[in-house]
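Reader: Could you walk me through this model? I would like to go topic by topic, with the cut-offs spelled out as we meet them.

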Amino acid sequence: MSAGLSGISGLSAWLPERLAEAAPLVTVVGDVMLDGWFSGRIDRFCREAPAPVVDMAHRDYAPGGAANTAMNLAALGAKVRMVGLVGLDDAGTRLRGLLSAAGVDTAGLIEHPGVVTTTKYRVIGGDQIMLRMDESTPRPPAEALQQLAAALPDAVAGSDAVVLCDYGSGALEGPLGDVLHLQREGKLLVVDAHDLRRWRTLRPDLVTPNAQETARLLELEFEPDGDRAGLLAEAAPNLLAATGARAVVSTLDRDGTLLLTHDGGTHRTWASPVSEKQASGAGDTFVACLTLARAAGLPLTTSQDLAQVAADVVVHRPGTSVCTTADLAGHLGAFTEAALGADELARAIATERAAGKRIVLTNGCFDVLHRGHTSYLTQAKQLGDVLVVALNSDASARRLKGPDRPINPAADRAGVVAALSCVDYVTVFDTDTPIPLIESLKPDIYAKGGDYSAQMLAETPAVEAYGGQLAILDYVSDHSTTAVVRRIRAQDGAGEPAAGTGPA
């Protein structure tokens with residue numbers, strides 16, 4: 001674990017490169033697959049049946065399942081070892097070649113004549129998946145399972161983290177669980193499994209069930225338009241007990257992700273909307289980035305935020321793809337010019353309001369982003385549909401905080417805040433209060449931190465004048481910016497790197 005990254009709370013374009021430089025060693029154990037994407041054009045039906053004829057134009061292959069998690073880890077800069085079962089067939093040979101070409105160590109990829117390499121081939125006509133053809137071994141031979149378990153100690157030795165990917169193919173049956181239990185000491189263990197109860201005795205550090213898997217664990221059904229995140233937050237003790245994990249990050253597709261911990265803490269991310277029907281494997285990307293970030297020493301909430309960004313990158317691409325260090329840095333770098341001007345913001349909010357969205361506005365300096373800020377912004381987002389964050393300009397911040405503030409200029413603050421999945425729009429205002437902005441946007445809800453009261457706020461009359469609602473949110477006093485700045489300056493004076501302010 002890299003102590004140099006432990007204090008970072010915000011997402012910046014330089015962070016992916018720092019993670020790649022840390023290059024933790026991660027062993028991925030699980031159900032490996034080969035994905036095929038066969039695409040072409042449809043302009044006729046066959047004579048034998050009312051079925052379209054796809055004239056093939058492209059045949060693309062990519063590692064899938066646990067192998068996709070390994071590919072994403074390697075693309076983000078981790079050193080990766082792969083442990084899994086393949087057959088002595090063309091698919092197994094192709095899969096090993098793709099993994100090796102990406103820099104993944106495949107010494108733990110066991111070949112066995114009694115195994116058929118799991119494949120999932122999709123046939124695409126135009127922009128529509130017409131057919132999926134799957135092939136696998138229903139029950140791998142006991143000998144193959146023994147060989148897989150025997151390969152585990154060498155593969156896990158020296159690893160910073162282990163990712164267990166169990167999709168229920170049977171490849172992880174037998175003695176592997178017992179061997180992993182003996183080998184995991186001192187290593188971050190992340191479990192991504194269809195049935196997490198099976199692995200609860202391992203006491204994982206993190207588990208990452210999707211919405212369906214979470215519902216099964218809790219023996220409930222989600223309403224189509226219900227508040228899934230709210231329901232899970234209430235059921236956190238049961239979910240943690242069922243998985244035996246120190247923390248659960250439930251991935252809720254269009255609703256982002258929700259972190260649950262034993263101390264009652266939660267952290268939410270929001271997904272970027274997507275209509276891509278051919279995307280596959282975004283969950284693997286999320287698990288890979290989450291593991292890399294934690295293994296490198298990032299706080300869990302920051303790791304979750306970064307993993308959401310990585311998943312947003314690949315979910316907008318067709319096929320099974322990976323998020324690279326450059327992809328992640330580029331996506332975060334796109335937020336550098338994140339602050340919208342008054343006219344552009346007004347147009348964007350008019351469009352959102354016309355779609356029936358509730359607008360939430362909050363403001364502040366947000367200088368040196370910390371856990372108190374991210375918790376506060378997450379609460380603000382949950383009040384409505386669209387969250388607008390208005391930042392004090394540098395001049396405004398100096399008038400408010402003193403001549404030595406802000407630590408970071410407005411453009412940098414805007415980029416970091418905009419990178420949070422809970423934030424939809426960022427703008428900068430130069431006045432002492434955001435009253436002119438409030439009067440212009442007329443947000444449905446104006447939110448402020450719990451260190452204020454409605455009577456204290458100069459903005460209250462402006463909000464009440466048009467019938468808006470004022471919301472006072474929680475205040476996290478232990479994580480004030482002043483305290484963070486004091487620690488940064490103390491460390492800097494002692495010759496230590498200033499965590500959270502960028503690379504040296």
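Reader: How many helices and strands are there in the protein?

Author: The protein has 18 helices and 21 strands, where helices (H or I, at least four residues) and strands (E, at least two) are DSSP runs numbered from the N terminus. This is a predicted model, in which local features need pLDDT of at least 70 and side-chain atom pairs count only at pLDDT 80 or more, while totals for chains, interfaces and linings use all residues. Residues are numbered from 1 along each chain as its sequence is written, and side-chain values use heavy atoms, with hydrogens and water left out.

Reader: And what are the overall dimensions, say along the principal axes?

Author: The C-alpha trace spans about 75 × 65 × 40 Å along those axes. Buried residues make up 54% of the 504, where buried means under 20% relative accessible area, exposed over 50%, and partly exposed in between (1.4 Å probe, protein chains only).

Reader: Let's turn to the sheets. What is the strand order in the open sheet of 6 strands?

Author: The order is 16-19-18-17-20-21, with parallel pairing, and two strands pair if DSSP finds at least two bridges between them. Strand 16 (339-340) and strand 21 (469-472) stand at the edges with a single partner strand each, so one side of each has no neighbour in the sheet. Within this order, strand 17 (residues 359-364) runs parallel to strand 20 (residues 445-448), joined by 3 bridges, and Val-360 has Ile-445 of strand 20 as its bridge partner.

Reader: What about strand 4 and strand 5, in which sense do they pair?

Author: Strand 4 (residues 79-87) and strand 5 (residues 105-112) pair in the parallel sense over 6 bridges. From strand 4 the chain passes through helix 3 (residues 90-101) to strand 5, and this β-α-β crossover is right-handed, a label that applies if, with the strands pointing away from the viewer, the path from the first strand over the helix to the second runs clockwise. Gly-87 stands opposite His-112 in strand 5.

Reader: Now charges: how many salt bridges does the structure hold?

Author: The structure holds 21 salt bridges, each defined as a side-chain nitrogen of Lys or Arg within 4 Å of a carboxyl oxygen of Asp or Glu. In one of them, the side chains of Glu-111 and Arg-96 meet at 3.5 Å, N to O; this pair links distant parts of the chain, with Glu-111 in strand 5 and Arg-96 in helix 3, 15 residues apart. Glu-111 is partly exposed, at a relative accessible area of 36%.

Reader: Where does Asp-255 lie, and why does its pair with Arg-228 tie parts together?

Author: The side chains of Asp-255 and Arg-228 meet at 2.9 Å, N to O. Asp-255 lies in the loop between strand 11 (247-251) and strand 12 (257-261), while Arg-228 lies in helix 7, so the pair ties together parts 27 residues apart in sequence. Arg-228 counts as buried, at 7% relative accessibility.

Reader: Are Asp-367 and Arg-405 buried or exposed?

Author: Asp-367 and Arg-405 are buried, and their side chains meet in a salt bridge (3.1 Å, N to O). Arg-405 is also joined to Pro-406 by a cis peptide bond, with omega about 5°, and Pro-406 lies in the loop between helix 14 (394-401) and helix 15 (410-418).

Reader: On backbone angles, what is phi for Ala-23 and for Glu-219?

Author: Most residues other than glycine have a negative phi, and most peptide bonds are trans. Ala-23 has a positive phi of about 45°, and phi of Glu-219 is near 55°, likewise positive. Ala-23 lies in the loop between helix 1 (15-22) and strand 1 (25-30) and is buried, with a relative accessible area of 16%. Glu-219 lies in the loop between helix 6 (211-218) and helix 7 (228-234) and is exposed, at 72%.
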